[in-house]
Amino acid sequence: MDVTVPEDEARSAVLGRTAAGARQPAPTGPGPAGRGGHPPAALRPAAESPVTGAHDLIGLDPDDLPDGLVIADERGRVICFNSAAARITALRPGDVLGAPVERALPLEDLEGRRWWTVTDPYGGLAIRVGQPERNLLLPGGREVLVSARYVRDHPTGPVRRLVVSLRGTEARRRTERSHAELIATVAHELRSPLTSVKGFTATLLAKWERFTDDQKKLMLETVDADANRVTRLIAELLDISRIDSGRLEVRRQPVDIAAAVQRHVDGQVAAGQRPDRFSVQVVQPLPALWADPDKVDQVLGNLLENAVRHGEGTVTIDVAPSYAPQERRCTGTAVTVSDEGPGIPEESMGRVFTRFWRGSKRGGTGLGLYIVKGIVEAHGGTIAVGRAPGGGAQFRFILPVGAPAFMA
């Protein structure tokens, strides 16, 4: 027969401690129930710390927590079940409060073993402090990430409270899926140039004397181009790793952004594009720009290559000072790259800077714009996509005014 824990007892069981570890006195009067079926004051210690002399003003409601929180008392009865736990488990707090925790959360591991029987928080090792996060299953196959903390009055004493944290698996699954897609994309992109390099080098080694000098030169140029393609892909992977981990380094130097734009346009013309396909417009004077020149070249090269490959008509590059809204103060340098192609559909605008987004079937890894956004933001700038006046795609990034710290 289940026993429902009185509200005052539930409050007393989950009240916090001061910085010195002293348990706070439980409130004596009844109070309103919280949104998750527990009192909102359950985790609200408000006492003066004997260590710091400051008041503990946490004022924490369990329903404010982003993760699911389940607390059981020394008898294993659930005394706290917040709204995130209700959302993750699809259980109603009213059906859970006061019930034995092993029945309220009948968790099993991926091999079908009952988790509470295996871990035995109340009767297991007295030195155990908790359980690390792991994937467990609720009835119906619902998968959750569960971790537990055993609260004891002293290191080897009985468990006074069992605190269980619950998380959904959707975010982790998205991350795992993204990593799997990255591996598949890289494998696909590497296979083609490596196959070419292997084929040409094997042929040259086996039949070197049978080829003319022109034939040998053509094969070696192809090998060189494919090797450069592999090198670029590896560099993209390194950039993605640094962006994801927040370790992308920016080595700031004075950068002539107008000269950098013209250099990339000249490179496109040298690669076979018509000179009249590009229009460069620079508004002078430009503010002094301190940025990583290699990273700026990477951004400009990617945006121009996208405009040439996926766009049509004239590619226009505007370089101008950027001003804060409703101010006359120059805050940065803005570069806008526009084309006259079909543009980007409205429904795809929000996905342009995500991994693996491709605007067309014309090749590419779909990683370039993701890296561009990471580089611009690492400089403290912003980048946006929209529709150009001619109907094509328009990318605009702004790099802020500023000098390195050693010059401040």
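Student: What should I know before I start reading?

Tutor: The model is predicted, so local features need pLDDT of at least 70 and side-chain atom pairs count only at pLDDT 80 or more, while totals for chains, interfaces and linings use all residues. Residues are numbered from 1 along each chain as its sequence is written, and side-chain values use heavy atoms, with hydrogens and water left out.

Student: How many salt bridges does a search of the whole structure find?

Tutor: A salt bridge here is a side-chain nitrogen of Lys or Arg within 4 Å of a carboxyl oxygen of Asp or Glu. The search turns up 14 of them. One of these pairs Arg 160 with Asp 153, at 3.6 Å from N to O.

Student: Are Asp 292 and Lys 295 buried or exposed?

Tutor: Take the cut-offs to begin with: buried is under 20% relative accessible area, exposed is over 50%, and partly exposed lies in between (1.4 Å probe, protein chains only). Asp 292 and Lys 295 are both buried, and their side chains form a salt bridge at 3.9 Å, N to O. Back at the other pair, Arg 160 is partly exposed at 31%, and Asp 153 is partly exposed at 48%.

Student: Which residue does Lys 373 form a salt bridge with?

Tutor: Glu 377, with the closest N and O atoms 2.6 Å apart. Helices (H or I, at least four residues) are DSSP runs numbered from the N terminus. Lys 373 and Glu 377 sit 4 residues apart in helix 10 (residues 368–378), so about one helical turn separates them. Lys 373 is partly exposed at 27%, as is Glu 377 at 44%.

Student: Which residues are linked in a network of salt bridges?

Tutor: That network links Asp 67, Glu 133 and Arg 167.

Student: And how do I read a helix pair?

Tutor: Two packed helices are described by the angle between their axes and the distance between the axes. Here, axes are lines fitted to C-alpha atoms over the stretch in contact, with angles running from 0 to 180 degrees between N-to-C directions. The axes of helix 7 (residues 213–245) and helix 10 come within 10 Å and cross at roughly 50 degrees. That makes helix 7 oblique to helix 10, given that under 35 degrees is roughly parallel, over 145 roughly antiparallel, 65 to 115 roughly perpendicular, and the rest oblique.

Student: Which residues of helix 7 and helix 10 meet?

Tutor: Contact means heavy atoms within 4.5 Å. On helix 7, Glu 236, Asp 239, Ile 240, Ile 243 and Asp 244 meet Tyr 370, Ile 371, Gly 374 and Ile 375 of helix 10.

Conventions: Helices (H or I, at least four residues) and strands (E, at least two) are DSSP runs, numbered from the N terminus.
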